[in-house]
Amino acid sequence: MLAWTIYLSFAAAAAMFLIKPDNRQGARMLALGAALAGLAVGLIGSAGRGGGFAVATRLPWIPTLGAQFLLASDGISRVLVLLTGLAAVAGILFSWNVEHRTREFFALYLALIGGVYGVFLSFDLLLLFVFYEIAIVPKYFLIAIWGSARREYAAMKLALYSFAGSAMVLAGLIAAHVESGSHGFDLAELARYPFPASFQHWAFPLVFVGFAILAGLWPFHTWAPTGHAAAPTAASMLLAGVVMKLGAYGCLRVAMTLFPEGLAAWRHFFGALAVAGIVHGALVALSQRDFKFVVGYSSVSHMGFVLLGLMTVSTIGLGGAVLQMFSHGIIAGLLFGVVGRMVYDREHTRDLDELRTRRLGRRMPFAAVTFVVAALASMGIPGFSGFVAEFKVLVGAWQTFPKLALLAGVGIVLGAAYTLRAVQKVFFDGDPEGSPDGTAGADGTTPSVVSLPEKIGASLLVAATVAVGLCPKLLLDWITPSFASPLFDGLRKGGGL
Amino acid sequence: MNVDHARLLGLLAPECLVVFTALAALFADLRFWKHRTPGQRSHRTAIVLTLGFGAAATLLGLMGNTTANLAGGTLVLSPLSQHLKIVLLLFAIVTAWLCTETRFTRHVGEFMALLGLATAGMMFLVGTENLLMVFVALELVSLSLYAMTAFDKRSPRSAEAALRYFLFGGTAAAFTLFGFSLFYGVGGSIHLPTLAVSIARHAGDPLVLVAIVFVLAGFGFKIAAVPFHAWAPDAYEGAPAPTAAFIASGSKIAGFLVLGKLLQVGLPAAAGSGAWKAFAPGWMAVVALLAAASMVFGNLAALAQTNLRRLLAYSAIAHAGYALLALVGGSQPALLYFVVTYALAVVGMFGVVAVVENRTGNGSIAGLAGLRERSPLLAGVTTVFLLSLAGIPPLAGFLGKFLAFVAAAKQGTALGYGWLVALALGMSCVSLYYYLQVLKQVWVVPAETRDPLRGGTVVGGLLAALAVAVVVAGCMPEPLLDFLR
């Protein structure tokens, strides 16, 4: 059932080219239909399954290599499939105003979504890698064609970082394949294979860093802010909301389960890097002048919590990490939606000082409210999903490495600081008399109407973060039982889980 | 040595048919079509070649599982050799049709005849285990290709490229022949399996090592491996597009097959090792070094190119390096899958080059600017071909590289060739940059003019078919792998 999310997305991407180039509304409706169908399939396919492991399709694919076409899901994949569905729908609603090469835009967008679904549902390592790479090329074109300032630079940087990361993953994949006797790529079987400790000690960091580059691991995070800032709104929402989760998911699903001994040897080191990302991202966000860069660096900071949670290797920490993936996916989508679509597309500036003069709080009350809600969620105020997730990560970290947990706590405080700074500057800091030079003042008095698709998309995401914030059990009931599956045997043996 | 000539003729029927077709095309062109326009002549001769080569391929298909070994390994038939000949014929047909897209000569018949002869040479090359036969067939291929390179008589670049190709090729042939004669001197045989036995008794003989180096220098030229690559960028740039396509596809496939056979059948005893910290003299060490040098130099030099054909030439050098990895890994299916899928993509790219150059006269990468507006078909196939060359899944280029890298990683003990695989992966990242630069022109940069850019129907169809083949071979590689086993 869940496998249809993949097929639907790719089919709709291909079907885009049956639509006439100037039929923009048709392209939009098709994309929205496919994304909604994906979300519905994700919801129905996950409902009532809990955290159990369920195989959807298992076919021989390349017998020469032992690779299978193995699509399956456990609670973790289901949570992320759901996130992808929500982000996809919201992203399309937020790009309703794309007028330039509309059908190509949505075709690439849906291809990217299809690749993402594929990664979350593949339990054959080679298949997972194939889907992982499929997601790279659409990202490049989405940014290079529809992006804003410095888009070609940002697109190329992102593509090369992603590709370098996947080359490292591929190196680890080939090494693991050969080392385990070249039987195949079934993740469950590979996780059972006892790789020698000396092998794990170098293979783990290789594969982990390869995936973590995409998760924004400090100091390999620099593609993220530039990429997010240059990307068109929907692409930033997907990049921060979903694509960065691909990296974190790969770390958990592949690097950690395959090489538990390597993980044990390296977890303190990568835990420290995660905290460095949290603090560094927050500090840099505090000093940005560009609105989108603030959100971009906040993503690096929040993804640090995901990686920190992973490095705790405890049920509570890992659960928190997965929950944070979901939570940040929703919140980052919301933030980028407001910044890119509601503010930048109308005001044509992202400079915080410039935006101060536009009195957006009054002219765009909907945007202001949405952003404040997203900011509260992002800061980790109880009642929103961010609180539960980061709290769990911190508790897990406190049990394992208390010093790092303290530093991460500093990161939360800094997070509140940069978020409030942005909220105040953009929405509530305007001179009530209007700015002295008249033009901006005139500009600053016209109310700006937020369109219906944006309102629906924003409400969808707000509802998701509030629902999970009030009742995290909804997702935790899927996530926690997943760690009992044989895939995590190696991690359990190493203690913690 | 008693040879049953009737049987020989039966087994060689496909090769005979190819030569006959080549001559028929030449004759018909000169006798009947002389006063037609070059366009009509190239169409007609291409149809003749398609029919003849198609018949030969059908014949090969009918021969199916025939195996034979005639005249002491001079002619060796196996299901694999039949299959490879079919592949070569298909590439020759595509090359013939590319001629209809270019206007480089009035002497179409001669060009087609040379193409047929080169194809016949490759077919002989694929079906022999005899050193002398290898050399003769290799020269038949090379001489035809030299002439085909020089065929654009109005262009000084074409002449220069051919001269370069010829001088390098002649020297390389001399090296090869010298190496073969040393093998004969040591082993007392020109039949590969027999030679293997006697070489095993002389393993470590310095003369064998000298011979290996000479032979690898000769073949290194054929496959454009660094440091024997210097002819390639000029030949790819100066030669008529169909010739360049054939050099990059058919000639590569045949060259790699023979090199693989030579090293793995003839010289398993003199393999040595190129594993990390365990270097031992032998062909493995030399091949590993050639592979490393080709990957590094080819990819780095490609970064600086502004001409599309030169870019493809340096990418071909880099790909020769990856293919040598499969050779080091000793996996013939991996090697053949790699070179065949590479050939699919590169022939397709030269098809695009042929159409674009013919219509715009611009061969630079920037000449592709806004291709998506001028020809969605060409833009689409270019994307498929280039992403396949870059090794993006699920296209065939990814799986080709993956199979080659896995084969190399399996070789030796404890990931001894891991250094080579790591280098190959690193260089693949570099290559993405220049392929994306081309794709940026196609998709991102706006066109200066919006005139539609249309190739012939047949060539358009062939390019689309090649692109589909690249996608299908990448998603479902098993049938092709079986075909090449």
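**View 1. The left-handed crossing of helix 15 and helix 17 of chain B.** In this predicted model, helix 15 (residues 332–360) and helix 17 (residues 376–390) of chain B cross at roughly 145°, their axes coming within 9 Å. Left-handed means that the near helix is turned anticlockwise from the far one by less than a right angle. Axes are lines fitted to C-alpha atoms over the stretch in contact, with angles from 0 to 180 degrees between N-to-C directions. Helices are DSSP runs (H or I, at least four residues), numbered from the N terminus.

**View 2. Residues where helix 15 and helix 17 of chain B meet.** Look for B:A345, B:G348, B:M349, B:V352 and B:V355 of helix 15, which meet residues of helix 17 including B:L378, B:V381 and B:F385. Contact here means C-beta atoms, placed from the backbone, within 7 Å.

**View 3. The side of chain B that touches chain A.** Each chain brings 25 residues to this contact. On the chain B side, helix 19 gives the most, with twelve residues.

**View 4. B:L325 in the largest nonpolar core.** This core has 413 residues, and A:L307, B:A323 and B:L325 touch the most other members. A nonpolar core joins buried Ala, Val, Leu, Ile, Met, Phe, Trp, Tyr and Cys residues through C-beta atoms within 7 Å; buried means 20 or more other C-beta atoms within 10 Å of a residue's own. Among the residues that B:L325 touches are B:F405 and B:L420.

**Notes.** Residues are numbered from 1 along each chain as written, and chains are lettered from A and ligands numbered from 1 in the order written. Local features need pLDDT of at least 70 and side-chain atom pairs pLDDT 80 or more, while totals for chains, interfaces and linings use all residues.

Methods:
Helices (H or I, at least four residues) and strands (E, at least two) are DSSP runs, numbered from the N terminus. Two residues are in contact if their C-beta atoms, placed from the backbone, lie within 7 Å. A residue is buried if 20 or more other C-beta atoms lie within 10 Å of its own, exposed if 12 or fewer, and partly exposed in between; C-beta atoms are placed from the backbone. Lists of a residue's contacts leave out its neighbours within four places in sequence.
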